[in-house]
Amino acid sequence: MSKIYLKEEHLLLQKMVRDFSNQELKPIAQEIDKKSQFPHESIKKISDLGLMGIPWPQEYGGGGMDNQSLVIAIEEMAKVCVSTAVTVMAHTSLGTGPFAAFGNESQKNFYLRKLSSGEMIGAFGLTEPNAGSDAGNTQTKAILDGDKYIVNGQKVFCTNAGYAGVIIFTAQIIENGKNKGIGALFVDAGTKGLKLGSPENKMGWKGSDTRSVYFDQMEISSDNILGAPDKGFKQFLKTLTGGRITIAALSLGICEAAYQAALNYSNERTAFGKKINEFQSIAFKLSDMATQIEAARHLVYHAAWLKDRDESIIKEAAMAKLFTSELAMKITTEAIQIHGGFGYIREYNVERFFRDSKILEIGEGTSEVQRIIIAREILKSLNY
Ligand SMILES: Cc1cc2nc3c(=O)[nH]c(=O)nc-3n(C[C@H](O)[C@H](O)[C@H](O)COP(=O)(O)OP(=O)(O)OC[C@H]3O[C@@H](n4cnc5c(N)ncnc54)[C@H](O)[C@@H]3O)c2cc1C
């Protein structure tokens, strides 16, 4: 399959990110998880390698590579440190993507450049206390007052917010007393009226920064808007659709790492005088895991392949996200089972991979939401 989707440049990138991840991320992954520590040093090194802006145009400081390249990089990082992979993924797909897709020339020249180089970290605040799956219920309001917007509201669960130089967020745009719909705005760190909550204490993704963001009479320039005020809802749906491929890549990386750990362990552990992989029940678990991972890889790489050809990815990205995120829960559960009691202990990384997996079925659209999207797409075909 590699030959179908991965060209020479993809294989070179894969090797580079794999070597880097094993040398730099692996030795500190457990520590980052244990201490819930943001991976500052790793992000600096990833920036130095030019991996903070993989798919963005070179003229704005990006890597000029394709979406397949981003998928491969996220997959390789997630194999050893999910927290670091999430930080890069949220920064790239959600915190930078909207500048690349909808920014004007001056926004691209300033923000896209700084974000692509890693000089600035990006975040994306969509979810609110009463608007998660139901994002259309966004309550944050941005009221135009002369040449500025006055913003009030709250975002929850915003990845990277505590370390971001710029936060993109959605709000109802009110101009001349008229509600223009939901728009995408952005605010620089340190702006008066922007307040950050404390980091959330999470089950997994311990090194990734997640917190609430509050807008309290926050003033931003009327230029701090991405695209047209009334196009914001469509824009962020497009951003989320693309983001699903990268979260699927992250899920795929976890599946591969947990499977490999289980395979290796099954070859070392003996019981009743045999290697445990000589028991059919363990060998069949490994067969199922390997088969499902192969299917998952097809879905993820194919969705990226379509995106690189500007084809519709609504159904394919949702399928890739749904399948791989649910698979990550299954595979990490089986990987712990194959490790027996040792799988439940921290030193064996499968326990961490299990904790890092659950959110994959929730973030960037829950499994239920993915099924709604897929159903909508397949039912459309009945109309033809
Ligand atoms: C660690 C972490 C990081 C995150 N990072 C970000 C981020 O960077 N930016 C951001 O904006 N958000 C982020 N989120 C938020 C995440 O995207 C939301 O939690 C997710 O979209 C679900 O929204 P919710 O929590 O409000 O759940 P709800 O929407 O309240 O859903 C609750 C349950 O109801 C189900 N449900 C809801 N509507 C329907 C329906 N129509 N049909 C069937 N079932 C339905 C859901 O599937 C779910 O099972 C993050 C969350 C976490 C935990």
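Visitor: How many Å should the twelve residues of helix α4 (residues 67-78) span, and how far apart are its end C-alpha atoms?

Guide: Helices like this one are DSSP runs (H or I, at least four residues), strands are E runs of at least two, and both are numbered from the N terminus. The expected span of a helix is 1.5 Å times one less than its number of residues. For α4 that should give 16 Å, and the end C-alpha atoms are 16 Å apart, so the two agree. Keep in mind that this is a predicted model, where local features need pLDDT of at least 70, side-chain atom pairs count only at pLDDT 80 or more, and totals for chains, interfaces and linings use all residues. Residues are numbered from 1 along each chain as its sequence is written.

Visitor: Which residues come nearest to the ligand?

Guide: Here, near means that the C-beta atom, placed from the backbone, lies within 6 Å of the molecule. There are 24 residues around the ligand, and L126, G132, S133, T366 and E368 come nearest. The elements giving two or more residues to this shell are α5 (82-102), β1 (122-125), β3 (148-159) and α11 (367-380).

Visitor: Between which domains does the ligand lie?

Guide: Domain bounds come from an automatic or database domain assignment. Here they give domain 1 (2-120), domain 2 (124-233) and domain 3 (234-383). Domain 2 and domain 3 both give residues to the shell, so the ligand lies between them.

Visitor: How many residues of domain 1 are in contact with domain 3?

Guide: Two residues are in contact if their C-beta atoms, placed from the backbone, lie within 7 Å. By that rule, 24 residues of domain 1 are in contact with 23 residues of domain 3. On the domain 1 side, α4 and α5 each give two or more residues, and α5 has the largest share, with ten.
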